[in-house]
Every structure is written in structure tokens, then in C-alpha cells.
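Let's take a friendly look at a ligand and the spaces inside its protein. Keep the structure open beside you as you read.

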Amino acid sequence: MSRSAHPAGPRHADVLPEGHYTAPPTDLNVLDEKVWARTVGRNDDGVVTVGGIEVTRLAEEFGTPAYFLDEADFRARCRAWADAFGKDADVFYAGKAFLSRAVVRWLKEEGLNLDVCSGGELTTALDAGMPADRIAFHGNNKSQEEIERAVEAGVGRIVVDSFQEIVRVAHTAQRLGTRQRVQIRVTVGVEAHTHEFIATAHEDQKFGIPLAGGQAAEAVRRALRLDGIELIGIHSHIGSQIFDTSGFEVAAHRVVRLLAEIRDEHGIELPEIDLGGGLGIAYTSDDDPREPHDIAKALGEIVTRECEAARLRTPRISVEPGRAIVGPTAFTLYEVGTIKPLEGLRTYVSVDGGMSDNIRTALYDAEYSVALVSRTSTAGPMLARVVGKHCESGDIVVKDAFLPADLAPGDLIAVPATGAYCRSMASNYNHALRPPVVAVKDGEARVIVRRETEEDLLRLDVG
Ligand code: LLP
């Protein structure tokens, strides 16, 4: 669906094709601060900088493609979330968005907790020194081995996702001579307004135990009967890249209703609820995300109101933002290669990465922005599609965007807001080497995840 059609750039015929674009910005050199990490700007020579370092220097030192992560921005976002929710609530960063040892250390220093959803994420968290009691362990199909490791490590909570898992966790904890704190993940039956693949609270999907038909209430009954676990609360995650808090309102309402039913049936008030993550960020200038303090205020009010109505003590709230913390803090830097103008259509701009470093466009039809960052340009706008170098026509990084018409091979372009679910979902398709993540702060840049090498590929290939 086209949002609107606009005059063609110099390389194009009069009629523009269908696309997801709005008017070309009046000045393509201006960086919309909504979509770029906080310390990004242009210096007097027109070169974009992050943390005070020119992208041209970064490309020389670290190569392209590469993700550059603004550490000061990451830490500031952690603090904003922690401050917004205050001491009566807990913020768990969702490690699936992007996790590395350095990230774990930053989280620890900034007072955040961590949500992990696999043995690998748990290992990274523990290895980098996150105290186990600040870790929540998730997953719809945790292996017995993962459960054992989590219980042995003493994670603060396991979020159980099925009837079978309630029993597995309870037996494991009992065998290990301990009692594991758990939350039960429920599906509240909300249709989140987001892409189907990242909506998680409607009933017909793999996560959680439905509230519908009394299934969640039955899960609570079973959990309360088992000695190996201590049921501390109810968990709900409704989906991802959501701007509107109405879905959270419905979720909070239904979760609190379950707490009231539990109180009525068992005479206990569970002390915690977790409302998950999923808050949206700006990928393009059209997106208007809400600030953490707004979200905290809205969620706090909803839960308090619902609890008052049900005459319950307000439980401790936790949230699990991933994208909203790391997403805006990084951009991917690419070198422009082949440029192919297709008369009457658009110009295909090939970069040295693609769907192996950002699968989100192909997978979710995600929209991104892009800018020429190694110089400014006075050329007019050209409707471009930024594509990768993979053997796949769906290998698109930015579907529709305007770039200066004098773009040339060797220029550097950058795609902002790639901190979440890009490196963490990167692949070796076509034996691509996954790019490094470089943290930049106060004029210093350091690799926190190194670039893969061909030796890495061959090392795995033991045939
Ligand atoms: N908590 C739970 C239980 C989750 O499943 C997720 C995300 C989060 C928190 C964090 O959600 P966030 O705040 O980052 O939206 N690969 C997709 C997103 C999948 C999200 C999976 N779960 C994407 O690239 O959009």
C-alpha cells in the first residue's frame, strides 16, 4: 500500500511505483534525531560522527558492514527506564534484542535486570557477572538441561510456559534441594497491533497458557500444589513494536482479574506481575514512540486502578523492554557497491551486507531509514531501494527511501535503529561473515563482538 506518491528524482521517469514512502525530506543531509542514536551528528566537513568519531574513520578501522553502538545512549536509556519505573518496579532488559558480555556489564552497572531465553543467553549473562538473582529465564520449550542450569545458577525467576514445564521445574528444583521462584506466562487473548509474526497474546500461538477456558487458573492450582516451586506471579507479553498502550491495559486488566480469582480460590495474593516488553521505537520519521516515564505512568495507573477495583494489594510490576533500550542506539554502516537505476521504477543500491545482517525487512516487512553519511550532497532526491549482496531477490534492507541522486560506489550509507534484532538474528547465509558490533563512547571505539572470519566458518565445518 502506498502512503503517497511524490515527484520523481532526477534518475526517474514521471510515474513513481507503489511503495512505502512519504515525501522526500527537503534536505537529505539532515539526520532526524528521532531515528539516530543520541551522539550522532555531522561535523563541519559533512561527515557523520558517533561518540565524536567520524564514520569514515570507523569504516577504515573496523571495515563494513558493521554495527556501531552508542554506549552513552544505551546507558542513558537503561537509566531512563530504571528511573521511570522507580524502586517499586523492576526493569528486565530482554537479551534476545542484543546480548554480549559488554552489554551485560552495562546493564549490571546501570541497575537493570536481565531476561534470557536460552542456555546461550544464560551463559553470556553469568559469564559477564550478572548476579543470578537478577536474571529471569524464559522460553516455550526449555530443555531439561537448561532448566537444571537455571535452577542451579539460582536465577531469580523462571517464567514457566506450559503445564509440563511447571512439573519439570518443580521436580528439578526438588531434586536439587531448592525451591525455584516462578511466574506463569499467560496469554490474555489480546490482538496486538503489530506484525502477525511478533504478536504473542492471541490464543492461537505457541506461547503461554491461555486465560481462556480456565487453563491459566488450572496451571496456578497445579503450581501451588508442588513443593519445588514458589509461585510469585503472572507474566504476560503481548507482542513487539507496539505504540499503543491499550493492549497493555487489556492485558493488565485480565491479569489482575486472574490475581483476584487466585485470591478468592486460594486465599493468597501473588506479589508480582510482569507485563513483558514490546514497546515500539522510531525506525522512520513517521514513528512516534512513547517515552519510558509515560509508559511507566500509564502502566502503573492501570495496574493500581484494576487492583483497587478488585480490592487487591498492588503487586510489584516488572517490564521487559529489549528493542526500546538497544534498538535506537546502533546503526549499520555499509559501503555502497553497484548502483542500478531501473527506468520508471527505482534505483537499486547494493551494499556489502544485506539480509544476513538485517533480516527484519524480509521477515516482517520492516521499514527503515537510510542516509548518506560519508559526505553531504546537494543533489536532488532519488527513490532508492537498498539491497544486499545475497542470492535472493527478497534481500532488501531498506525498501523505499530517498538518497541523493549523486550517490556513488564507495560512498558510506548508514541504516539507523538497527540495535535490536539485527546482530542477534544475523545469519551466515551465502557464507556471509557476520559483522562486528563496535561500541563507541567519548571519542573511543572498541569491538565488543568481533567480525566473523572465514576461519570461523571453516572451523565449524568438520566434514
Ligand atoms: N519479553 C518477552 C517474553 C519476549 O518474548 C520479548 C520479545 C520481549 C520481552 C522483548 O520485546 P521487545 O521489547 O524487544 O519488543 N524478532 C522480532 C521481535 C521478536 C520479539 C520476541 N520477544 C523483531 O525483530 O521485531
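The ligand sits in the largest pocket. A pocket here is an open set of points on a 1 Å grid over the protein atoms alone, with protein on both sides within 12 Å along at least five of seven lines; a molecule sits in one if more than half of its atoms lie within 2 Å of its grid points. This is a predicted model, where local features need pLDDT of at least 70 and side-chain atom pairs count only at pLDDT 80 or more, while totals for chains, interfaces and linings use all residues. Residues are numbered from 1 along each chain as its sequence is written, and side-chain values use heavy atoms, with hydrogens and water left out.

**Around the ligand**

The table gives some polar contacts, meaning pairs of N or O atoms within 3.5 Å.

| Residue and atom | Ligand atom | Distance |
|---|---|---|
| Gly322, backbone N or O | oxygen | 3.0 Å |
| Arg360, side-chain N or O | oxygen | 2.5 Å |
| Tyr364, polar side-chain atom | nitrogen | 2.7 Å |

The protein covers 91% of the 580 Å² of accessible area that the ligand has on its own (Shrake-Rupley method, 1.4 Å probe).

The largest cavity has a volume of about 40 Å³, and its lining includes Tyr67, Phe98 and Arg423. The second largest cavity also has a volume of about 40 Å³, with Ile242, Pro289 and Arg290 among its lining residues; a lining residue has an atom within 4 Å of a point.

Key
A polar contact is a pair of N or O atoms within 3.5 Å; within protein, one must be able to donate a hydrogen and the other to accept it, and residues adjacent in sequence count only if both atoms are side-chain atoms. On a 1 Å grid over the protein atoms alone, a cavity is a set of points where a 1.4 Å probe fits but cannot get out, and a pocket is an open set with protein on both sides within 12 Å along at least five of seven lines; lining residues have an atom within 4 Å of a point. Grid points are joined across faces, edges and corners, and a volume is the space filled by probe spheres set on the points.
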